[in-house]
Amino acid sequence: MIFKQTRGSDGQSAEEVRFSDAILSPVASFGGIYSPAELPEIDSNFLAAHLSASYKSLALSIINRLEVDIDQQTLVAALELYDKFDDAKNPVPVVKLTNDTYVSELYHGPTRAFKDIALQPFGLILSSLAKERQKQYLILAATSGDTGPAALETFRDRDNIRMVCIYPAGGTSEVQRLQMVTESAPNLKVIGIEGNFDDAQSALKSLLASPTFNQQLEDLGISLSAANSVNFGRILFQIIYHIHSYLELVRQKAIGLGDKVYLTIPSGNFGNALGAYYARKMGLPVERIIVASNANNVLSEWINTGRYDISNKTLVLTSSPAMDILKSSNVERILFDLFGATRTAALMRELDDNQCYQLSAEETAQIQSIFASDSSSDDEGIARIQQTFKGGYLLDPHTATCFKACQTRAHKPLVKLIFSTAEWTKFSPLIDFALTGNSAASDQQALASIAIAARIAIPEGIAALFDKPVRHDLVINKNQIEAEIIAFLQTGK
């Protein structure tokens, strides 16, 4: 598998790199990222041959077809981490809601969010590469709530790895915060910053591209990588569950093999939707990828008008915080794949300089031939949680944004497959309010209330968080991040 730089090459780095190099050093020339030069075909014969395949077997077949330069033993060991999910035989269950609407539940991993699906195997692979090359790595992650806990979980006590997670103080749910700040492994550091996720992501990208910071790391004998979805190591594993979920629909006789479906995805940084895009490009029968937004509806505006404009927008804190993002990193890979490096570089310069860009009519039509989108308010999400619960199904607030988009953008009588990205436990006060009207409960009280109302058990890992000591209570200005990281690498604190 060969990767190219989304904004072209500056001549100082290789124009093309292998998978292992792209995930170890994910930042490319001119602030760009790496994207596949080409993708293999997943045709009807491949799908038919894997109708009875386990999730791990399907995943290995897809990865081998992509020809990544990771040895089979490491890949098999990485995929065996799915055995830690709720059901080792079915880590991504697909549940029927109505005759034409199904939910792919992506949150059955150790941190109760879809990021586990990619980050569990990714952590083992990256650590294995670091040991193989006899290097020490610093892994950076910026999080809006789910990436942080999942990345900390996968890199905990990994050989040759130290990790720093940056999160916006007050910008995550309490459970998400506790999952991060109670981590005790000595190779992990968690830093809260004053600001929002875009500030955290901007700080991460600046550090990745900073010659000064990289020189300090080199002096310490440390190389730099990232766990965010700027790293294609994450995206690789997000392609797989779209293909698995389609095959599950066939197995449940919801569709016939070859029938097209709508894939509906709550999106913030666009990595999940990008995985769906690559699966569709490889041959998965998908009519359109429906992208659901919340009040931070930059992605909906981009898809519906061709204009990506954050010049007059202020980030809104919503009940679906993982989607509270204005500058979505993975849109860049779509631009590169459709329009090439020269056009992508020009558009990203416009976004950096003017906080907006406008696609041409022809480019917009290309985007709209693949994607559709609508946004949902917090009130609409709460109403959907209430309505769906009456039908016997419990949603989280991110998944709830998908239903309006399905109603307004799925114009053909096809099956709609919604991808549920997080468990209800991570946003319990809002869920408790939706179910019981209680608006004053703490997370711990809300969890207990929901467990009673829904007759459902609180997962042990979530319940135990409230008894763990907080080990990372630092909240700083983003300008202090670099100094804190260097101090952690030098002293371990």
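In this predicted model, the side chains of Arg177 and Glu174 meet in a salt bridge, with a distance of 2.9 Å from N to O. The two residues are three places apart in helix 7, which covers residues 174-181, so about one helical turn separates them. Arg177 counts as partly exposed because its relative accessibility is 25%, and Glu174, with a relative accessible area of 30%, is partly exposed too.

Side chains of opposite charge can pair when their charged atoms come close. The structure holds 26 salt bridges, and three of these pairs are set out below with their N to O distances.

| Residue pair | N to O distance |
|---|---|
| Arg177 and Glu174 | 2.9 Å |
| Asp100 and Lys416 | 2.8 Å |
| Arg112 and Glu423 | 2.9 Å |

The salt bridge between Asp100 and Lys416 joins the loop between strand 4 (94-98) and strand 5 (101-105), where Asp100 lies, to strand 15 (residues 416-420), which holds Lys416, so the pair ties together parts that are 316 residues apart in sequence. Asp100 is partly exposed at 33% relative accessibility, whereas Lys416, at 12%, counts as buried.

The salt bridge between Arg112 and Glu423 also links distant parts of the chain, 311 residues apart, with Arg112 in the loop between strand 5 and helix 5 and Glu423 in the loop between strand 15 and helix 18 (428-436). Both Arg112 and Glu423 are buried. Elsewhere, a network of salt bridges links Arg7, Lys327, Glu332 and Asp352.

Helix 5 itself runs over residues 115-132, and its 18 residues reach 25 Å from the first C-alpha to the last, which is close to the 26 Å expected at 1.5 Å a residue. Of these 18 residues, 15 are buried, so helix 5 is largely enclosed by the rest of the structure. Just after helix 5, Gln134 takes a positive phi of about 55 degrees.

Conventions
Residues numbered from 1 in each chain as written. Predicted model: local features only at pLDDT ≥ 70, side-chain atom pairs only at ≥ 80, totals over all residues. Heavy atoms only, no water. Helix = DSSP H or I, 4+ residues; strand = E, 2+ residues; numbered from the N terminus. Expected span 1.5 Å × (residues − 1). Buried < 20%, exposed > 50% of the residue type's maximum accessible area, 1.4 Å probe, protein only. Salt bridge = Lys/Arg side-chain N within 4 Å of Asp/Glu carboxyl O.
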